[in-house]
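Dear colleague,

I am handing over the structure below, and I would be grateful if you could look through it alongside the notes that follow.

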Amino acid sequence: MSTLSIYLAIPVVNEIVYYSWLVILALSLVSVLFYFRGKLNEKTIELVNISKEKENFESVFDTDTSFVWEMDKDKKSLSASQGVCKVLKYDEKKYPSLLNLWKECIYPEDLPAFLEFVDELEYRKGKPQEFRILDGEGNVMWLETYVNVVNDLDGQILKFVGTAVNVTHRKLEEQKIRENSYYDQLTSLPNRKMFYRHFREQVQLEEKEMSVIVLDIDRFKVINELYGRESGDKVLEMVAEKLQLLLGEQTFIARESEDEFLILLETANEKRTKLIAEKIMSIFKKPLNIDNQLFYLTISMGISLYPETAQDILALYQQAEIAMYKVKETGKNNYHVFMTDDAASIERKRRIEFGLKEALTRNELYLVYQPKVDLSTGKSYATEALIRWKHPLLGEVSPGEFIPIAEESGIISDIGYWVVYEAIRQNKIWHNAGILLQVAVNVSALQYEDPFFVERIRQTLLHHNMEAKYFIIEITESVMQNAEQSNRVIKELHDLGVQVAIDDFGTGYSSLSVLNNVFIDIVKIDKSFIDGIMTKVNTASLVKTMIQMGKSLKFHIVAEGIETEGQAEFLKENDCSYGQGYLFSKPLRPEEIPAKIA
Ligand code: C2E
Ligand code: MG
Ligand code: MG
């Protein structure tokens, strides 16, 4: 390049640099503008979002049942969203003096708690306050309010904001639930809690004699087992109705537990209480008819007297229950007024119940056998296995005492199967020794309900290699109440070859004609009839009829509890083929049987 050309080029270069700077400057300006435009847009969006949020916030909380409120940091003024008028049903004009309005319409009893809430706003975050108000239409309403504290950047309180929700519906539901916890759902009677409360109120009202009755349906468990819970429930409902009808509205009746009722007799001394107890017993003389099924119920009642036997309701209840258990132990179907030594007999029952759980594993149970004889020849053809229990402390406890307790506690099933096993095992020993006897066992109604009952008997017979025809099952009449199911089980036993006897016949409610429709083989006439044949003309003719009818229906008739020669003669003359009783033999230990039979 020449010097001239270099010289000439200088202004050209300068020009380029100059324009370049201009371009850079313009570009920078544009980008700064763009930067600020972006920033500006961002800001606008933020503002839009905030107002949207507020809108949403209000629309969420501002409904027919809720509103938002705001209180200044000095707690002097209160404002709220528009919803407040809808919720409180107050005129909008009153809105500016909301704080006063609230104070005015809050239930006087709830005002102190509300004012305390306002005092403590800064600490009440997450701890709502409930209070009642009287709304603009004069209705009581429950409001629940939550608070939140709004602070500035330095952490200083700016204001308080909160929500208030109408929770009346929920409160009413809660109240219903609370009330339900005082009433029994099935019978609509008050429950024990309510009974106690009522008693305490009565005691405070005036000094008067009162009595507490605990009423329990006998063997209710069996009704449930035999007919199902639904029928059981209907029985309870009907019992409740009958009690209410008899005792009237002024008598406080409650349902304590499943089949136990409580009755409070006010202004009633012992004499009047007993009179009423008799009346209650009389309701149950007739059977209850439920869906054309007759239920023969009996009840046991225990009574305690205020202020005579105790002053406190808990003690009175306990005493009445002890008295009721006393009735259960002594044959049920009665009432009893608590006496001090009753408590000891209850203690005995508890020991028996507790001891039964161990009795099987500790080998405390054993069987004795009472021969059944052919009255015409006097020869034994069978034995009845009868259970015995030697309690380590109480000594011999009779089955009459412990079997009902075993039934109540459910342990009867294990005991029952043990009896079946043991009786068949023993009978096999006699068979092996050439003594061919049948053996009969008593089976509780509850055990009869076990779906595996027949199968377990079949297995046990198989196990001992014993023919079914040598095995008899004795059931009580209560089993026959559910004839359809009983018949099915009895038929299964028949098919197996086992014989079925109705025990204690005449003490229950079935008639011989009912038994005609069932696969029963043997009818055992209860001892109470045999006791009367020599002394009571009516009983004698009744027994004669039983024998004749039974025979015509092809039943084997066995007379139970024969104690005298006279009774045996009468029975023989009147065609009763079989008998059992102390006259022939008391129940014996197995080792005594061969000598007795020979
Ligand atoms: P049950 O089956 O009617 O048995 C007859 C009861 O009468 C037996 O009383 C027997 O000892 C008694 N007895 C027999 N002959 C006479 C007599 O001539 N005079 C008198 N006064 N009594 C006589 P026990 O052994 O005390 O049994 C009472 C009840 O206990 C039995 O009545 C039966 O219902 C039940 N029981 C006995 N063993 C068992 C068992 O293994 N399982 C079940 N579930 N119940 C049983
Ligand atoms: Mg028996
Ligand atoms: Mg009997």
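A polar contact, as the term is used here, is a pair of N or O atoms within 3.5 Å; within protein, one of the two must be able to donate a hydrogen and the other to accept it, and residues adjacent in sequence count only if both atoms are side-chain atoms. Please keep in mind that this is a predicted model, in which local features need pLDDT of at least 70 and side-chain atom pairs count only at pLDDT 80 or more, while totals for chains, interfaces and linings use all residues. Residues are numbered from 1 along each chain as its sequence is written, chains are lettered from A and ligands numbered from 1 in the order in which they are written, and side-chain values use heavy atoms, with hydrogens and water left out.

I begin with the ligand. A polar side-chain atom of Asp503 lies 2.8 Å from an oxygen atom of ligand 1, and a polar side-chain atom of Glu560 lies 3.0 Å from an oxygen atom of ligand 1. Taken alone, ligand 1 exposes 790 Å², and the protein buries 80% of that (accessible areas come from the Shrake-Rupley method with a 1.4 Å probe, and for residues only the protein chains shown count as cover). The ligand is surrounded by 21 residues, of which the closest are Arg388, Asn442, Asp503, Glu563 and Tyr582; a residue is counted here if one of its heavy atoms lies within 4 Å of the molecule. Strand E14 (380–391), helix H12 (399–409) and strand E18 (499–505) each supply at least two residues of this shell, and E14 gives the most, with 4 residues.

Helices (H or I, at least four residues) and strands (E, at least two) are DSSP runs, numbered from the N terminus, and by this count the chain has 22 helices and 21 strands. Of its 598 residues, 44% are buried, where buried means under 20% relative accessible area, exposed over 50%, and partly exposed in between (1.4 Å probe, protein chains only).

One part of the fold deserves a separate look. Strand E11 (residues 299–306) pairs with strand E12 (residues 334–337) in the parallel sense over 4 bridges, pairing being assigned if DSSP finds at least two bridges between two strands. From E11 the chain crosses through helix H10 (residues 313–329) to E12, and this β-α-β crossover is left-handed; right-handed would mean that, with the strands pointing away from the viewer, the path from the first strand over the helix to the second runs clockwise. In the loop between E11 and H10 sits Pro307, which a cis peptide bond joins to Tyr306, with omega about 5°.

Two residues other than glycine have a positive phi. Lys75, with phi near 60°, is in the loop between strand E1 (66–72) and strand E2 (78–80), and Lys75 counts as buried because its relative accessibility is 19%. Asn465, with phi near 55°, is in the loop between helix H15 (453–463) and strand E17 (471–475), and Asn465 counts as exposed because its relative accessibility is 61%.

With kind regards
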